[in-house]
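Welcome! Have a look at the sequence and the structure first, then read on.

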Amino acid sequence: MTARHPHASRADAAMPPGAPAIGVRIAGCGSAVPDTRLTNADFERMLDTSDEWIVQRTGIRERRRCDPAKGENSRTLSTLALRRALENARIDAGELDGVIVGTVTPEMLCPSNSCRVAAAVGAGTAAAFDISAACCGFVYGLNIANALIRSGSMRTVGVVGCDHMTSVMDYTDRRVSILFGDAAGAAVLRATDDTSRGVVAHAMHADATGWADLYLPRSKADFPPGETPTDEKLNRLQMNGQAVFKFAVKTFGDLIQRTLDSAGLKAEDVDHYICHQSNARILEASRERFGLPEEKLYVNIQNYGNTSAGSVGLCLDELWRAGRVREGQLALFVAFGGGLTWSSSLWRI
Ligand code: COA
């Protein structure tokens, strides 16, 4: 094992020498998106915007939207995604020791989505908790589940990332509403005797000095100094797009570099970069910085927009079902989001 990068904090870590007596494998994946589509043409009818502007600035062509009339929300999407992951893994839900759901748009705050999801899939009395880490929810969840399994606390854990972002959009705000859609992605992780498998390096960070660049106010007391609170803005995502863009371009690249350094690897050693889909230009900047071929950095933002905690698991599931993620490969999961938070998880599959 190599030493950690000199600028890395304790939150950047490679596995300590000799530590893992248990490996972790991804046993199966699943995802779920609503059927209803919200296309750029729909936005052209609703707002002063154009397909050309949206595609050029974001890469997005359409998103999926939960239909409340059908009872769809982050709980139902998460349940479907985890059920599909269990079927794919051929693992009975009763074998789950834990269910972790990353979401900032739970159906309710109490009970958590994870409790209801665990019950719906038939996970008995498995431990269940939500993670509120915005777009990092799934990647934080992978790291936490990996640690729980490696420590011997659990053998089988379902990790879900899901957000119902269309429930927190102001559809009169063209700067924000065109970006987001709804989705869930899930993976079932399981202990294995092959100790080389599982997380080989990771990072988990947060810095609230930038919280006001991306926040979801629930009361008028929540607004940062300088902002005028209004009823219309309550429970609607507020974002300083340019500030988040600058943060993301720098953080994404630096995070990838530090995680590679922690593991003693070069960019070309990694088979898959499975990244949060926030803007095609942010992804392209990382691809160029590391000289990666297109097939190594998966992009599906054109079909779903930014689905917050849903995006990384959704990418994984699409790659997994296409047979592109194989045992022995290296996959680097990367995300950033509100908080501000940022996180990576480098896996030997
Ligand atoms: N359609 C047409 N014009 C739009 C528009 C839209 N949907 N949204 C903004 N504009 C306009 C602005 O009003 C502005 O016009 P002005 O110059 O007359 O004031 C102009 O386009 C440029 O706006 P700007 O905000 O500078 O655009 P941008 O190139 O930064 O792109 C984002 C905006 C939101 C796409 C970009 O900043 C971004 O992706 N940021 C990161 C967001 C993100 O990732 N958030 C989630 C983090 S998990």
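**Around the ligand**

The ligand is surrounded by 24 residues, where a residue counts as near if one of its heavy atoms lies within 4 Å. The closest are Thr49, Arg57, Arg174, Gln242 and Asn279. Please keep in mind that this is a predicted model, in which local features need pLDDT of at least 70, side-chain atom pairs count only at pLDDT 80 or more, and totals for chains, interfaces and linings use all residues. Residues are numbered from 1 along each chain as its sequence is written, and side-chain values use heavy atoms, with hydrogens and water left out.

**Who supplies the shell**

- Helix 2 (51–58), helix 6 (174–177), helix 7 (241–263) and strand 13 (330–337) each bring at least two residues to the shell around the ligand; helices (H or I, at least four residues) and strands (E, at least two) are DSSP runs, numbered from the N terminus.
- With four residues, helix 7 gives the most to this shell.
- Domain 1 (14–192) and domain 2 (198–221 + 237–348) each contribute at least three residues to the shell, with bounds from an automatic or database domain assignment.
- By type, the shell holds 10 nonpolar, nine polar and five charged residues; Ala, Val, Leu, Ile, Met, Phe, Trp, Tyr, Cys and Pro count as nonpolar, Asp, Glu, Lys and Arg as charged, and the others, Gly among them, as polar.

**Side chains that meet ligand oxygens**

- In Gln242, a polar side-chain atom lies 2.5 Å from an oxygen atom of the ligand.
- For Arg57, an N or O atom of the side chain is 2.6 Å from a ligand oxygen atom.
- Arg281 has a polar side-chain atom 3.4 Å from an oxygen atom of the ligand.
- Of the 960 Å² of accessible area that the ligand has on its own, the protein covers 74% (Shrake-Rupley method, 1.4 Å probe).

**Backbone points to look for**

- The peptide bond from Cys110 to Pro111 is cis, with omega near 0°, and Pro111 sits in the loop between strand 5 (98–102) and helix 4 (113–121).
- Gly339 and Leu340 are joined by a cis peptide bond with omega about -5°; Leu340 is in the loop between strand 13 and strand 14 (341–348).
- Ala134, a residue other than glycine, has a positive phi near 50°, and Ala134 belongs to the loop between strand 6 (127–131) and helix 5 (137–150).

Note on methods
A polar contact is a pair of N or O atoms within 3.5 Å; within protein, one must be able to donate a hydrogen and the other to accept it, and residues adjacent in sequence count only if both atoms are side-chain atoms.
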